[in-house]
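Please read the following briefing alongside the sequence and the model.

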Amino acid sequence: MSSALDRRSPDPPPLSTAPGRNHRHGPQPVLRRLLPIHGARRGRWLGWLYVLPALLVYAVFVLLPMARTVQYSFYDWNGVGPATAVGFDNYERVFTDPELISTIVHAFQLIVFFTVIPILVGLVVSSLVREVATGRFGTVARTTLFLPQIVPLVAAAIAWSWMYSSQGLVNQTLSVMGLDSLTRPWLADFTWALPAVGLIGSWVMTGLCTVLFLSGMAKIDKSLYEAAKVDGAGRISEFFAVTLPGLRQEIGVCVTITMIAALASFDVIYASTQGGPGRATQVPGVEIYRLAFTENQIGLGSALAIVLTVLVLACVLPIQRLVSEKNA
Amino acid sequence: MSSNGRRMTGIAVLVAVMVFTLLPLVSLLSAALQPQGSVPTGLAWPNDPQWGNFVDAWNAANMLTLLKSSTLIVIGVVPAALILSALAGYGLGQLRVPGATLILLLLLVGLTSPLEAKIIPLYYQLRDMGLLNTRWAIILPLIGLFMPFGVIWMRAHFLTIPRELTDAAKVDGATTWRAFRHIHIPLAMPALASLALLLFLWTWNQFLLAIVLVDDPSKRTMAGALGSFQGQYGTDVVLLSAGALVIMAPTVMVFLLLQRHFVRALLQGAIKG
């Protein structure tokens with residue numbers, strides 16, 4: 001496919017004179033048909049008319065709010081009264097207040113559960129089931145694994161809060177195994193609450209990663225597997241020689257999606273623990289909501305939002321580059 | 001023999017993962033069927049399943065109103081987002097407008113930055129527009145928030161369509177717009193359908209926007225309404241479980257219905273790659 005794209009004739013060279021000026025009058029189909037060469041160039045600039053509506057909505061409801069978050073973060077404002085400019089004070093607090101730092105630490109701990117576990121499990125499962133996940137059984141399996149993506153995260157949190165409760169399935173199972181000493185209300189336990197909510201993320205993300213990897217493996221040239229077999233490669237060397245390199249792009253996609261979900265998690269935490277017990281599971285997302293909409297500390301909430309955004313971009317953009325380099 | 005063993009391992013692993021995926025939902029179902037007011041245990045099929053609990057949950061959650069509200073929001077968001085995405089994707093992927101790389105970079109920032117980066121000013125912006133506590137407060141920001149994904153998705157589709165097609169249409173006297181309407185849109189239908197499915201899901205399940213911008217649960221999305229249902233009935237495990245299942249039922253049903261389409265879209269993607 002990509003070779004077919006390469007063979008296509010190159011784009012017309014860009015205009016050297018400020019071309020935007022010439023095209024204020026909108027589409028003029030008759031003229032364009034009469035002047036085919038001009039038409040091709042003019043068409044490229046007219047293309048902006050197609051892009052503009054989307055850009056406009058995007059600017060008003062995404063770019064403008066983002067710019068305002070930056071602006072708010074330099075003010076002390078309760079949302080009602082006058083705002084006072086405070087320079088970098090809010091950022092200083094984000095980086096010195098142990099309670100706020102702990103939310104960021106929790107967000108990074110969640111990456112283990114939202115990203116690392118789903119991708120490792122997804123890789124193992126998808127390479128084990130590659131040959132059997134076909135036909136009707138394969139369809140049923142894919143549908144089932146996709147279910148956690150379909151139900152709202154709030155519903156997932158409600159289901160898992162029930163699983164983790166004193167009467168829930170987790171404790172029930174432990175009791176049956178004779179491990180009564182380990183039973184506890186998991187989400188109310190200071191040590192276990194964070195791993196417990198993290199595992200909700202693993203539950204949501206593992207199916208997605210597995211299905212993505214399976215569809216990625218379907219694209220890998222079958223002859224590579226045949227060749228590996230001929231060379232006497234076992235499952236493990238086959239995995240590292242054929243499967244893993246072939247899935248580079250899918251892995252990149254999974255890392256991106258799950259890392260954003262981990263760092264910016266809100267729904268699951270809000271609906272399962274609200275950050276508790278104490279602040280044991282407090283994450284930036286819920287903290288921003290709390291600061292801005294219940295504590296009326298708009299500036300501090302905004303500063304935390306900006307720090308969170310920078311962290312997310314710093315983690316995710318390098319992966320985008322790695323993935324797109326492969327395409328180039 | 002080893003190939004047979006491999007098959008058995010594969011099937012066993014797959015079944016195990018499927019069971020793990022379904023377990024929380026089955027546990028929720030078993031709780032939802034217990035007599036109301038009882039204290040259920042994790043997973044125990046009741047002797048006398050109380051299917052009537054779903055009717056009570058349906059009424060308690062005001063499901064008809066919720067369905068109507070979520071549907072209105074979807075109708076407000078999805079068609080508009082599809083049209084804007086298709087137009088922009090066409091401009092970027094097929095007409096290759098100058099400056100496309102810059103636009104893509106701008107969209108990428110929006111795609112990867114979290115909603116938390118926008119939610120605080122969105123509240124004040126929509127308050128100033130007088131739209132707080134209306135469905136527009138969810139609809140308008142969602143269209144904007146879907147633009148990065150929608151546009152990049154449609155651009156990827158239009159990149160795969162040979163530009164000779166547009167050129168040929170022009171030779172036949174069609175304008176760029178006519179080529180778009182009559183040639184490219186029909187060809188883009190599968191890509192648009194998959195995008196529509198995803199946007200529908202993400203709208204229906206949108207939570208943060210709903211709880212920040214709309215106080216009245218009957219004007220929220222389904223997920224936002226579930227949040228307030230949880231607040232109201234959080235201590236009644238039976239009714240909460242039934243309510244959660246009732247509220248997630250519509251999306252699960254739509255997903256199961258469109259599953260074939262979804263798989264077909266995936267397969268097409270596989271062939272293209």
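The contact between the two chains takes 81 residues from chain B and 84 residues from chain A, where two residues are in contact if their C-beta atoms, placed from the backbone, lie within 7 Å. On the side of chain B that touches chain A, the largest share, 17 residues, comes from helix α1 (residues 2–32) of chain B. By class, that side of chain B has 52 nonpolar, 23 polar and six charged residues; Ala, Val, Leu, Ile, Met, Phe, Trp, Tyr, Cys and Pro count as nonpolar, Asp, Glu, Lys and Arg as charged, and the others, Gly among them, as polar.

This is a predicted model, in which local features need pLDDT of at least 70 and side-chain atom pairs count only at pLDDT 80 or more, while totals for chains, interfaces and linings use all residues. Residues are numbered from 1 along each chain as its sequence is written, and chains are lettered from A and ligands numbered from 1 in the order in which they are written.

**Chain B as a whole**
- Chain B has 12 helices and zero strands, with helices (H or I, at least four residues) and strands (E, at least two) taken as DSSP runs numbered from the N terminus.
- The C-alpha atoms of chain B fill a box of roughly 75 × 70 × 30 Å, taken along the principal axes.
- Of the 273 residues in chain B, 45% are buried; a residue is buried if 20 or more other C-beta atoms lie within 10 Å of its own, exposed if 12 or fewer, and partly exposed in between.
- When contacts in chain B between residues at least 6 apart in sequence are considered, 72% join residues at least 24 apart.

**Domains of chain B**
- The domain assignment gives domain 1 (2–50) and domain 2 (57–272), with bounds that come from an automatic or database domain assignment.
- The centres of the two domains of chain B, taken over C-alpha atoms, are separated by 32 Å.
- Eight residues of domain 1 of chain B are in contact with seven residues of domain 2 of chain B, and the domain 1 side of this contact divides into five nonpolar, three polar and no charged residues.

**A helix pair in chain B**
- The axes of helix α4 (residues 100–112) and helix α6 (residues 136–159) of chain B come within 8 Å and cross at roughly 125 degrees; axes are lines fitted to C-alpha atoms, for helices over the stretch in contact, and angles run from 0 to 180 degrees between N-to-C directions.
- That angle makes α4(B) oblique to α6(B), because angles under 35 degrees count as roughly parallel, over 145 as roughly antiparallel, 65 to 115 as roughly perpendicular and the rest as oblique.
- The residues that make this contact include B:Leu107 and B:Leu111 of α4(B) together with B:Phe149 and B:Ile152 of α6(B), and by class the contact has eight nonpolar, one polar and no charged residues.

**Chain A and its local features**
- The secondary structure of chain A comes to 15 helices and two strands, and buried residues make up 42% of its 328 residues.
- A cis peptide bond, with omega about 0 degrees, joins A:Gly276 and A:Pro277, and A:Pro277 is found in the loop between α13 (267–272) and α14 (284–293) of chain A.
- A:Gln274 lies in the loop between α13 and α14 of chain A; its phi is near 55 degrees, a positive value in a residue other than glycine, and A:Gln274 is exposed, with 12 other C-beta atoms within 10 Å.
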